[in-house]
Amino acid sequence: MKRTRQRELILENLRGRRDHPTAEEVHRSLRAECPGLSLATVYRNLNYFCEQGLVLRLPAAGRDRFDGNIRPHGHLYCERCGRLFDLHSGAVETFFDRVREEYRCEVRQGAITLLGVCEKCGAEGADG
């Protein structure tokens, strides 16, 4: 696929986010800047980016979400509010390091997704 302005906008948008959007959310966020952008174009380009290793696809609650951060890292999916959080923990990095050592392989990208309840939802549940 050739480079296009729409493709560059989609990738730039995704890499600038920390909220792990769906294709629909990427499309919504770019409509004002690029009114001719179709949802089909967003889907096609996100799939292409995933195939090329430029973006991670994160299945969560039956919907694909996308992450522009392809470095090996972890996520927490909150089963109450549906948010997907990056995990910034040495334990995640240690896990990937151990896989590299034990299996003598190069891990270039990957994500671990844990299911649970985030701090905000856990605190709300404790009050109710």
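Good morning. I begin with a pairing: H75 stands opposite D86 in strand β4. What I show is a predicted model, in which local features need pLDDT of at least 70, side-chain atom pairs count only at pLDDT 80 or more, and totals for chains, interfaces and linings use all residues. Residues are numbered from 1 along each chain as its sequence is written, and side-chain values use heavy atoms, with hydrogens and water left out.

Let me turn to strand β3, residues 73-78. Strands here are DSSP runs of E with at least two residues, numbered from the N terminus, and two strands pair if DSSP finds at least two bridges between them. β3 runs antiparallel to β4 (residues 84-87), joined to β4 by 4 bridges. The two form a hairpin with 5 residues between them, and G82 in the turn has a positive phi of about 85°. On β5 (residues 111-116), the arrangement is parallel, with 6 bridges to β3; there, Y77 stands opposite L115.

Is β3 buried or exposed? Buried means under 20% relative accessible area, exposed over 50%, and partly exposed in between, with a 1.4 Å probe and protein chains only. Because 6 of its 6 residues are buried, β3 is largely enclosed by the rest of the structure. Both faces are covered, with H73, H75 and Y77 buried on one side and G74, L76 and C78 buried on the other.

Finally, consider L84, in strand β4. L84 is buried, at a relative accessible area of 5%. Beyond its neighbours within four places in sequence, L84 is in contact (heavy atoms within 4.5 Å) with H20, L58, R65, H75, L76, Y77 and T113. The C-alpha atoms of L84 and L58 are separated by 9.3 Å, and these residues lie 26 residues apart along the chain. Thank you.
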